[in-house]
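Have a go at each one before reading its solution.

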Amino acid sequence: MTESEKAAVSVVGTGIMGSAIATRLLATGHAVTVFDLDTAKVAALAAKGASSAASAREAARASRFVITSLNSATIVRSAVFGPGGIAEGADASGLLIDMSSIDPASTRAFAEQLATSTGMRWVDAPLSGGAPGALAGRLTVMAGGAAADVDRARAVMDSLCANYTHMGPSGAGQTTKLVNQVLCALGFQAVAEAVRLAEAGGVDATRLAEALKGGRADSSILQEFGPKMARRDYSPTGRIDNMMKDLEAVQAFSGSQRLPLPLTGLVADLHRSLLAAGLGPRDTAAIMLQFSGFREQSGED
């Protein structure tokens, strides 16, 4: 089988995103091996046809393409370079596609360390579109790495993405993801305030997305989250603490460059207030509660 056909892929990290990625790859004909410390998540994917690996090392040995989908740079480092990690099962024919959202500096350091120690190449490929986008093969992915490696990753990414763009050398994908998160975080806040404004004026906020569709104020965030916020639908599509992690990475980078980002700083502080109120597991749509004294969450009148 050539890499232009359906390549064998291992997925390390099968949380919400990793499971969606693995499910989509199975549905599109790839042979998929999965590993996660949570054996129940592995078993659920095995029931769909995936092979299970006992370690990240074993997963790396099973496929030339290895996708990581993990929550932090610390976890990525452990999964790749720790005992039983990907590096122990890697060789120069392999390609690691890191679909986690981590900081650019760590990405560059990890990519260099992996290439030096094993010859395995690294593409940073953070995503936008969430689990629904992965399941539909409609992800937007911003990739960093050598051009040949980014192009080689298409053997896998073409099954997952509607938009796959090479942004530059190692770390460039992660930098672009930080830009994406700034736009998303500010967009969530803007839609939340717009919904509250409409409600205060006696307007049915569930109709805002319909009314503004196609105009300059329109956005995918408005279309998805405007009605969700208006209905007080707090079912999660993402986690506030994950957004907080990304906003803190933005602030660390902007601080190192002495780059003022006042609106980003404000929205980051609002996310911190939500976490302090114990809303960490909730979706970013819960930012609505910031403007209602948390009464809806607590059940107060």
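**Exercise 1: around strand E8**

Work out how E8 is joined to strand E9 (residues 161–168).

Solution. E8 and E9 run parallel, with six bridges between them; strands here are DSSP runs of at least two residues (E), numbered from the N terminus, just as helices are runs of at least four (H or I). Two strands count as paired if DSSP finds at least two bridges between them. Within this pair, Met142 sits opposite Thr165 in E9. Now look at strand E7 (residues 127–128): E7 pairs with E8 in the antiparallel sense, over two bridges. There, Ser128 faces Thr140 in E8.

Before going on, a word on the model: it is predicted, with local features needing pLDDT of at least 70 and side-chain atom pairs pLDDT 80 or more, while totals for chains, interfaces and linings use all residues. Residues are numbered from 1 along each chain as its sequence is written, and side-chain values use heavy atoms, leaving out hydrogens and water.

**Exercise 2: the core**

Find the residues with the most contacts inside the largest nonpolar core.

Solution. A core is a set of buried Ala, Val, Leu, Ile, Met, Phe, Trp, Tyr and Cys residues joined through side-chain atoms within 4.5 Å. Helix H1 (residues 16–27) gives the most, with six residues.

Notes. Buried means under 20% relative accessible area, exposed over 50%, partly exposed in between (1.4 Å probe, protein chains only).
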